[in-house]
Amino acid sequence: MEKMRESAGIQALLSERTIIIVLLALLAFFWSVDLVDSVAALFVFVIIASLLLRLEFKKHRMALKLRATESKKLEFNKHGGIKSVRANTLNAVPLPILIIGEDHRISFSNQAANDLLGSDIINNDVYLYLRKSKIMKAIKSIFEGGKKHAGVVRYTNKQKRSFDVTISRVSGTGGDDVPTQAMAFFYEITSMLQTEQMRVDFVANASHELRTPLSSLIGFIETLQGPAKDDAPAQERFLGIMQSEAERMVRLIDDLLSLSKIEMSRHEVPETIVNVETMIQSVLLTASKVAKERNIEFSCEIEKKATKAIADPDQLMQVLLNLCINAAKYADRESTVHVEARLSKTRKFINVSIRDEGPGISKEHLARLTERFYRVDNARSRKMGGTGLGLAIVKHILLRHDSMLDVKSAVGKGTTFSFKLRRA
Ligand code: ADP
């Protein structure tokens, strides 16, 4: 349409120009044959001059019109472009964002908000999704109080995801007719709250674990100072118990220090080539002291090509020791613990497993086994001198080795702990 109008204008200009040229040619011809007197010539010149003026005026008007349509086009592209860039940018933000109108209806939601609240939330009342009076009050205060920010409100959904929601005012820009709206920006804090909770639990558990032997020590000291002051046999017995309680505290502190050391090195990838066979033999020698007391034997099978792995030698030693000592502690008396190292199917890894013929662990405990201070049987673990940190240490060391502890157990039959190591 635009183009048609443009070409019609150009044609009109051409036809006027042709008329002028024809008139000039005729005038020149009549002049040459002396058929035109000076008055007639002047008259024709005036007509030609007025035509030329009209022509110039038309040309100017057309140029102005063209410029106006061009600038309108530019303006349109600019606004449309900016709007779509804004929407795309908000969609690319990985945190949920809602734009809410004065009637509390959602006028825009980015992709993350759709993932959190649902894909068909546009035009619905925000209260249907954020049923929290504090959030509604904050939105109201944006429209009624004219505030720029209405503060931060904590929001937790049914799936236990928590967010700090910031409600702020979004003002419409002068030229267009976008009204003032409220923006809800969701900042996810789920993992931060979980870490915080874990820290609080850890401090509480560690203090509790240390307090038990400490209270026992204080009790015995008071007994030795009072009722057992002159009772030599009782003193000897109590001092024995005090020593084992003190040793328990030392073990606990050693394990806590180990854990924090492992956590500090968790991003350093191990690069040492270790001999798995020699390491297992050395660990079995240490663990057999505990095993002998309960008539437990170790059997060891190492595949020929499954001897060299890439690992941190001290940490791998600790993993093997914790698992073999656990097997010696918890397996049935007079049974055998099988330690094996085999090549994986891809031949890239060495699979190490420790299988015992013990009481086994029921399903509900398996998922929590590597939590700090988690024990299946509290009394038994304490009697065996356990700190409840052995498997947590194993898990964190294996994480650093890009591996995981796999536990398979059948109640009444036994448990198998296994993990893989990168082959050297
Ligand atoms: P602990 O110091 O109590 O042994 P661990 O973290 O090493 O702590 O183990 C956690 C719990 O897992 C133990 O208390 C025990 O109940 C259970 N457990 C570990 N190894 C075995 C096993 N081989 N057989 C049966 N239960 C086990």
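Trainee: Is arginine 342 buried, partly exposed or exposed?
Mentor: Arginine 342 is partly exposed in this predicted model. Its relative accessible area is 33%, which lies between the cut-offs of 20% for buried and 50% for exposed.

Trainee: With which residue does arginine 342 form a salt bridge?
Mentor: The partner is glutamate 340, and the closest N and O atoms of the pair are 3.4 Å apart. Glutamate 340 also counts as partly exposed, at 21% relative accessibility.

Trainee: Why can such side chains pair?
Mentor: Side chains of opposite charge can pair when their charged atoms come close.

Trainee: How many salt bridges does a search of the whole structure find?
Mentor: The search finds 15. One of them joins arginine 368 to glutamate 371, with the closest N and O atoms 2.9 Å apart. Arginine 368 is partly exposed at 39% relative accessible area, and glutamate 371 is partly exposed at 33%.

Trainee: And what about lysine 408, which residue does it pair with?
Mentor: Lysine 408 forms a salt bridge with aspartate 406, and their closest N and O atoms are 2.8 Å apart. Lysine 408 is exposed, with a relative accessible area of 56%, whereas aspartate 406 is partly exposed at 32%.

Trainee: Changing topic to the ligand: how many residues surround it, and which are the closest?
Mentor: The ligand is surrounded by 19 residues. The closest are Tyr330, Asp356, Ser381, Gly388 and Leu391.

Trainee: How much of the ligand's accessible area does the protein cover?
Mentor: On its own, the ligand has 520 Å² of accessible area, and the protein covers 96% of that.

Trainee: Next, helix H8. What span should it have, and what is the distance between its end C-alpha atoms?
Mentor: Helix H8 comprises 18 residues, 313–330. The expected span is 1.5 Å times one less than the number of residues, so H8 should span 26 Å. Its end C-alpha atoms are 26 Å apart, which agrees.

Trainee: Which residues of H8 are buried?
Mentor: The buried residues include Leu316, Val319, Leu320 and Leu323. Gln315, Asn322, Asn326 and Lys329 are also among them.

Trainee: What is found at the start of H8?
Mentor: There, a side-chain oxygen of aspartate 312 reaches to within 3.1 Å of the backbone nitrogen of aspartate 314.

Trainee: Where do histidine 104 and arginine 347 lie?
Mentor: Histidine 104 is in the loop between strand S1 (97–100) and strand S2 (106–109). This residue is buried, with a relative accessible area of 15%. Arginine 347 lies in the loop between strand S9 (336–343) and strand S10 (349–355), and is partly exposed at 45%.

Trainee: Which residues form a nonpolar patch on the surface?
Mentor: Val22, Leu26, Phe29, Phe30 and Val33 form one, and together they have about 430 Å² of accessible area. Phenylalanine 30, in helix H1 (residues 2–32), is partly exposed at 31%.

Trainee: Finally, how far apart are aspartate 34 and methionine 404?
Mentor: Their C-alpha atoms are separated by 114 Å, and the two are 370 residues apart along the chain. Aspartate 34 is in the loop between H1 and helix H2 (38–92), and is exposed at 69% relative accessible area.

Methods
Residues are numbered from 1 along each chain as its sequence is written. This is a predicted model: local features need pLDDT of at least 70, side-chain atom pairs count only at pLDDT 80 or more; totals for chains, interfaces and linings use all residues. Side-chain values use heavy atoms; hydrogens and water are left out. Helices (H or I, at least four residues) and strands (E, at least two) are DSSP runs, numbered from the N terminus. Buried means under 20% relative accessible area, exposed over 50%, partly exposed in between (1.4 Å probe, protein chains only). A polar contact is a pair of N or O atoms within 3.5 Å; within protein, one must be able to donate a hydrogen and the other to accept it, and residues adjacent in sequence count only if both atoms are side-chain atoms. Patches are made of residues with over 30% relative accessible area and no salt bridge: like charges are joined within 9 Å, nonpolar side chains (Val, Leu, Ile, Met, Phe, Trp, Tyr) within 5 Å. Accessible areas come from the Shrake-Rupley method with a 1.4 Å probe; for residues, only the protein chains shown count as cover. A salt bridge is a side-chain nitrogen of Lys or Arg within 4 Å of a carboxyl oxygen of Asp or Glu. A residue is near a molecule or strand if one of its heavy atoms lies within 4 Å of it.
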